[in-house]
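Me: I would like to go through a structure by question and answer. Please keep it brisk.

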Amino acid sequence: MTFSSYDTWWWPYLFILLAGWLPTNMWRYLGVYLAGNIDENSETLVFVRAIATALMAAVIAKLVLYPEGALAASSQWLRISAAALGFIAYWFSAKKVYVGVLVGEAVLISGMLLGH
């Protein structure tokens, strides 16, 4: 079974559900179920949180420093500025992630529309 196995309008959606969403969310739900009895301040959970944070930082750094696709059309200073201003907005908004994301996106989109 591949993405182009069937020539129907619904097949890509079913393929995404079966090959993308289901395997990923299965592990998320299992993690939530198993984490119910773990102490939030345990050394194991602190270690797991540190690894997750490091992985997220690495992905963001890769997107900012070595972008692909449409993001590669923007200048490096614009990407760094958008990330920095998004972080500043996150910090000053009582650490609300959506505020940092929205500010970073707004800076990036505005800069790209203005041609920088």
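Me: What ground rules apply to the numbers?
Reply: This is a predicted model, where local features need pLDDT of at least 70, side-chain atom pairs count only at pLDDT 80 or more, and totals for chains, interfaces and linings use all residues. Residues are numbered from 1 along each chain as its sequence is written, and side-chain values use heavy atoms, with hydrogens and water left out.

Me: Which pattern does the protein follow along the sequence?
Reply: Helices (H or I, at least four residues) and strands (E, at least two) are DSSP runs, numbered from the N terminus. The protein has four helices and zero strands. Read along the sequence, the pattern is α-α-α-α.

Me: Why is the protein described as more spread out than a compact globule?
Reply: The radius of gyration is taken over C-alpha atoms, and the globule rule is 2.2 Å times the number of residues to the power 0.38. The rule gives 13 Å for 116 residues, and the protein is well over that, so it is more spread out than a compact globule, with a radius of gyration of 19 Å.

Me: How many of the 116 residues, in percent, count as buried?
Reply: Buried means under 20% relative accessible area, exposed over 50%, and partly exposed in between (1.4 Å probe, protein chains only). Of the 116 residues, the buried share is 15%.

Me: Is Tyr29 buried or exposed?
Reply: Tyr29 is found in helix α1 (residues 11–34). It belongs to a nonpolar surface patch that includes Trp9, Leu14 and Trp21, with about 1000 Å² of accessible area for the whole patch. Patch residues have over 30% relative accessible area and no salt bridge; like charges are joined within 9 Å, nonpolar side chains (Val, Leu, Ile, Met, Phe, Trp, Tyr) within 5 Å. At 53% relative accessibility, Tyr29 counts as exposed.

Me: Which residue forms a salt bridge with Lys62?
Reply: A salt bridge is a side-chain nitrogen of Lys or Arg within 4 Å of a carboxyl oxygen of Asp or Glu. A search of the whole structure finds one. With the closest N and O atoms 3.6 Å apart, the partner is Glu68.

Me: What is the geometry of the Trp10 and Trp11 pair?
Reply: Rings of Phe, Tyr and Trp (its six-membered ring) pair if their centres lie within 6.5 Å; planes under 30 degrees apart count as stacked, over 60 as edge-to-face and the rest as tilted. The whole structure holds four aromatic pairs. For Trp10 and Trp11, the centres are 6.3 Å apart and the planes at 80°, which is edge-to-face.

Me: What is the geometry of the Phe87 and Tyr90 pair?
Reply: Phe87 and Tyr90 are three residues apart in helix α3 (residues 76–92), so they are separated by about one helical turn. Their ring centres lie 6.1 Å apart with planes at 35°, so the pair is tilted.

Technical notes: Areas by Shrake-Rupley, 256 points an atom, 1.4 Å probe, with all protein chains shown as cover.
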